[in-house]
Amino acid sequence: MILITGATGNVGSELVARLATDGVPVRAMTRTPEKTDFPSGVDVVAGDFDKPETLPAALDGIDRVFVVPPGYGPEGPVQERTLVAAARAAGVQHLVKLSTSGVTHDATDPLSSGHRHGEQVVQESGLAWTILRPGTFMVYLYSYAHTIRTERTMYVTEGDPVSAMIHPRDIASVAATVLTTPGHEGRTYTLTGGEALSPRRQGEIVGAALGEEVQVIERTQAETQAEFDRLGWGGPRLEALLELKRQSAAWDWKLSDSVEELTGSAPLTLRDWVDENIHLFG
Ligand SMILES: NC(=O)c1ccc[n+]([C@@H]2O[C@H](COP(=O)([O-])OP(=O)(O)OC[C@H]3O[C@@H](n4cnc5c(N)ncnc54)[C@H](OP(=O)(O)O)[C@@H]3O)[C@@H](O)[C@H]2O)c1
């Protein structure tokens, strides 16, 4: 049986659904099973990386694990270490870790650094491993949903990257392939969507789906910061995300063929993602 951590998240939820549809025995881990609604046939288990005592039950009878670390603080990849220790004790054979393309491109922001160290923990676990390094998820457009809905406007920041953004379902499709077919042990795959899109082009695609123009207005870094301050946002996680975004302008536009090579299908497009989520922008 395969354990999916992060099973309620962007990639994990798609992966659980995909494996269930394919008839693969799958267990979904979440901290709050009572709040979830997984497809029938999915074994749901309570588990928390920060509560090691919950992991033996989650890992009982499991041979492969999809490892989704929710985040990194200054303490480093503690959650990977906890998971690896429990997985070894449970006799797990293969770990597939969700990482980030920042590692491929030697980024030094806190999120990429956390993933780099988390990858090392998985690679030194003594178990078979595979690393998936996706770039920006299309769900990033959630951050523009409010102003697109209320003003038909996307406020972007000068220097925002041209991005080969990826649909989370494509990452899940790759993960399903890696978890259910041989030959991926010891491999690292960088994953992107099929086209590099500027913020202006992203706005055009949302506008085309809505049938109305969406204005794209560029703000300076200082104006964006002032807006975050006004909204009461801030803190280390936002800072880490902004630093990743600044650095990623150097590579986020680069395309990888891995999705098509591993799944046999061209990557889903941003228009596909927007059409599925049009209620957020309508
Ligand atoms: N978003 C992007 O553009 C992007 C790009 C590249 C890489 N990534 C990486 O992809 C991973 C997922 O990011 P995401 O933004 O898509 O988040 P997500 O997977 O949608 O949400 C986080 C998941 O982590 C679980 N979780 C939170 N705390 C936990 C804990 N203590 N123990 C066990 N599970 C816990 C949550 O499950 P419950 O609340 O149900 O417990 C939830 O399913 C991250 O490692 C991120 O760095 C993201």
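**Entry 1**

The model I am reading is a predicted one. Arg201 and Glu204 both belong to helix H8 and are 3 residues apart, so about one helical turn separates them. Arg201 is partly exposed at a relative accessible area of 39%, and Glu204 is partly exposed at 44%.

**Entry 1: other salt bridges**

How many salt bridges does a search of the whole structure find? I recorded 13 salt bridges for the whole structure. I note as background that side chains of opposite charge can pair when their charged atoms come close.

I next examined Arg18 and Asp22, whose side chains form a salt bridge at 2.7 Å, N to O. Asp22 has a relative accessible area of 44% and is partly exposed. Arg18 is likewise listed as partly exposed, at 33% relative accessibility.

I then turned to Arg152 and Glu212, where the side chains meet in a salt bridge of 3.2 Å, N to O. Arg152 sits in the loop between helix H6 (145–151) and S7, and Glu212 in the loop between helix H8 (199–210) and strand S9 (215–219), so this pair ties together parts that are 60 residues apart in sequence. Is Arg152 buried or exposed? I found Arg152 to be buried, because its relative accessibility is 17% and the cut-off for buried is under 20%.

I traced an open sheet of 7 strands, in the order S3-S2-S1-S4-S5-S6-S8, and its pairing is parallel. Which strands are the edge strands? I identified them as strand S3 (43–46) and S8, each of which pairs on one side only. From one strand to the next, the twist averages 20°.

I followed the pairing at S3. Strand S2 (residues 26–30) pairs with S3 in the parallel sense over 4 bridges. In this pair, Arg27 stands opposite Asp43 in S3.

I then moved to S6. Strand S5 (residues 94–98) runs parallel to S6 and is joined to S6 by 5 bridges. Val96 stands opposite Thr130 in S6. S6 also pairs with strand S8 (residues 187–191), in the parallel sense and over 5 bridges. There I located Pro134 opposite Leu191 in S8.

How many residues of strand S6 are buried? I recorded that S6 (residues 128–134) is mostly covered, with 6 of its 7 residues buried.

**Entry 2: helices against the strands**

I looked up helix H3 (residues 78–90) and found that it lies across S4 and S5. Helix H3 runs at about 165° to S5.

**Entry 3: Ala164**

I located Ala164 in the loop between strand S7 (153–157) and helix H7 (168–180). Is Ala164 buried or exposed? Ala164 is buried, and I recorded a relative accessible area of 2%.

Which residues is Ala164 in contact with, leaving aside its neighbours within four places in sequence? I listed Thr192, Gly193, Glu195 and Ala196, together with Asp252, Trp253, Lys254 and Leu255.

**Entry 4: Thr177**

I found Thr177 in helix H7. Thr177 counts as buried, at 14% relative accessibility. Not counting residues up to four places away in sequence, Thr177 touches His184, Leu262 and Thr263.

Notes:
Residues are numbered from 1 along each chain as its sequence is written. This is a predicted model: local features need pLDDT of at least 70, side-chain atom pairs count only at pLDDT 80 or more; totals for chains, interfaces and linings use all residues. Side-chain values use heavy atoms; hydrogens and water are left out. Helices (H or I, at least four residues) and strands (E, at least two) are DSSP runs, numbered from the N terminus. Buried means under 20% relative accessible area, exposed over 50%, partly exposed in between (1.4 Å probe, protein chains only). Contact means heavy atoms within 4.5 Å. A salt bridge is a side-chain nitrogen of Lys or Arg within 4 Å of a carboxyl oxygen of Asp or Glu. Two strands pair if DSSP finds at least two bridges between them. Axes are lines fitted to C-alpha atoms, for helices over the stretch in contact, and angles run from 0 to 180 degrees between N-to-C directions.
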